[in-house]
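Here is a short briefing on one protein model. Look over the sequence and the structure first, then read the points by topic.

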Amino acid sequence: MRKVTVTFFINLTFFLLSSCTVSHVNSKINQPPTKSFVKILNTTNVKSCVDPSDLKCPIGIFKHTGSGMAINLVHDKMTVITAGHVCDVAPSKRIKEISQTIEVMDHLSNVHQAWPVLISHNNQKGSSDLCLLWVPTLQVEKINISKIEPVVGNNLYYIGAPLGIYHPPTVPIIDGIYSGIISPSSALVTSPAVGGSSGAAMLNYNNKIVGILWGVSEGFNSVSLMTNYKSFLIFIDKAKQKFD
C-alpha cells in the first residue's frame with residue numbers, strides 16, 4: 001500500500017510539474033518579432049474632380065497610416081504584408097485624377113519607398129482586404145506564414161501602430177482570442193483595434209502569421225476583423241506568382 005502511494009505521489013508530482021511547464025510556455029509570447037514590423041505611410045493626392053464645382057469632392061493631399069510586417073514569401077525579395085485599404089484608398093466616383101505614394105518606416109526610423117505587388121479588397125465572398133508591398137531597401141527578418149490554421153480559442157496577437165502610435169524600436173503588442181470564421185473572407189478575433197491597426201499581422205504564439213487585421217467593430221473596438229486563413233493563403237499564392 002505504501003509503495004503504491006509513493007508511486008502515485010511521484011507520478012502526480014511529475015504530472016503537475018509537467019502541466020505547469022507546458023502552461024507557462026503556451027501562455028507566453030517568446031521573442032515577438034517587433035523589428036520585422038513596419039509602419040505604413042500612405043500619401044494620397046486628389047488632383048482633380050469629375051465636376052470641378054463639386055464641393056464634396058476632396059481636392060488636396062491626405063495622409064494616413066497603417067501597420068505591416070515583413071513576410072517570408074520570395075527568398076530574394078523583401079516583401080511586406082498589410083491590408084488592402086491601407087495601400088489603396090478606394091477612389092470616389094467624384095474623383096477624376098488621383099495618385100498615391102506608399103512608404104514604410106522601420107525599427108530604426110528609416111523610411112523606405114514601397115511598391116504594391118498585389119492589392120485586393122474584402123467582399124465577404126473570398127476576396128480579403130490584403131496588400132503585398134515590395135520594399136527593396138528594407139533589411140529586416142522576414143516572418144513565416146503558419147502552416148496550421150487557427151482554431152477557436154487560440155491565443156493570437158498582433159504588433160501594430162493603433163492611432164499611429166509607434167516609437168521605434170518600441171511598438172505596441174496586443175493580444176486576443178481567435179473566435180472563428182464569419183465568412184469566406186473574414187474571421188473574428190478579440191483584439192482591441194482602432195485606426196492605424198489595419199494591416200497588422202495576426203500571429204500565433206509560435207510567431208507565425210495566420211492572417212491580417214483589417215477592420216474593427218463600431219462601438220466595441222475589442223472585437224476585430226481579420227482575414228480568413230484560407231483566403232489569406234489564396235492571396236499569398238497569387239502574390240507569389242507575380243514574381244515568377
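Leaving out neighbours within four places in sequence, Gln100 is in contact with Asn42, Thr43, Thr44, Cys87, Asp88 and Val89; contact means heavy atoms within 4.5 Å. This is a predicted model, where local features need pLDDT of at least 70, side-chain atom pairs count only at pLDDT 80 or more, and totals for chains, interfaces and linings use all residues. Residues are numbered from 1 along each chain as its sequence is written, and side-chain values use heavy atoms, with hydrogens and water left out.

**Around Gln100**

- Gln100 sits in strand 4 (residues 95–105). Strands (E, at least two residues) and helices (H or I, at least four) are DSSP runs, numbered from the N terminus.
- Gln100 is partly exposed, at 30% relative accessibility. Buried means under 20% relative accessible area, exposed means over 50%, and partly exposed lies in between (1.4 Å probe, protein chains only).
- The side chain of Gln100 makes a polar contact of 3.4 Å with the side chain of Asn42. Another polar contact, of 3.2 Å, joins the side chains of Gln100 and Thr44.
- A polar contact is a pair of N or O atoms within 3.5 Å; within protein, one must be able to donate a hydrogen and the other to accept it, and residues adjacent in sequence count only if both atoms are side-chain atoms.
- Val89 and Gln100 are eleven residues apart in sequence. Their C-alpha atoms are 8.5 Å apart in space.

**Disulfides**

- A disulfide is a covalent bond between the sulfur atoms of two cysteines. Here a pair of cysteine sulfur atoms within 2.5 Å counts as one.
- The count comes to two disulfides by this rule.
- Cys49 is joined to Cys57, S to S 1.7 Å. The link of Cys49 and Cys57 is left-handed, with -90° about the S-S bond. Cys49 and Cys57 are both buried.
- Cys87 and Cys131 form a disulfide with their sulfur atoms 2.1 Å apart. The torsion about the S-S bond of Cys87 and Cys131 is about -90°, so this disulfide is left-handed.
- Cys87 is buried, with a relative accessible area of 2%. Cys131 counts as buried at 0% relative accessibility.
- With the bonded cysteines numbered in sequence order, the pairing is 1-2, 3-4.

**Aromatic pairs**

- Rings of Phe, Tyr and Trp (its six-membered ring) pair if their centres lie within 6.5 Å; planes under 30 degrees apart count as stacked, over 60 as edge-to-face and the rest as tilted.
- The count by this rule is three aromatic pairs.
- One of them is edge-to-face, because the rings of Phe37 and Tyr166 have centres 5.0 Å apart and planes at 80°.
- This pair links distant parts of the chain, 129 residues apart. Phe37 lies in strand 1 (residues 37–49), and Tyr166 lies in the loop between strand 7 (155–159) and strand 8 (173–181).
- Phe37 and Tyr166 are both buried.
- Trp115 and Trp134 form a tilted pair, 5.8 Å centre to centre with 40° between the planes.
- That pair also links distant parts of the chain: Trp115 is in strand 5 (residues 111–120) and Trp134 in strand 6 (residues 130–134), 19 residues apart.
- Trp115 is partly exposed, with a relative accessible area of 41%. Trp134 is partly exposed as well, at 32%.

**Nonpolar cores**

- A nonpolar core is a set of buried Ala, Val, Leu, Ile, Met, Phe, Trp, Tyr and Cys residues joined through side-chain atoms within 4.5 Å.
- The largest nonpolar core has 28 residues, of which Ile71, Ile81, Ile209 and Phe232 touch the most other members.
- Among the elements that give two or more residues to this core are strand 2 (60–71), strand 11 (209–216) and helix 3 (229–241). Helix 3 gives the most, with four residues.
- A second, separate core of 18 residues includes Ile40, Ala70, Cys87 and Ala114.

**Around Ser128**

- Ser128 is in the loop between strand 5 and strand 6. Ser128 is buried, with a relative accessible area of 2%.
- The side chains of Ser128 and Ser231 make a polar contact of 2.5 Å.
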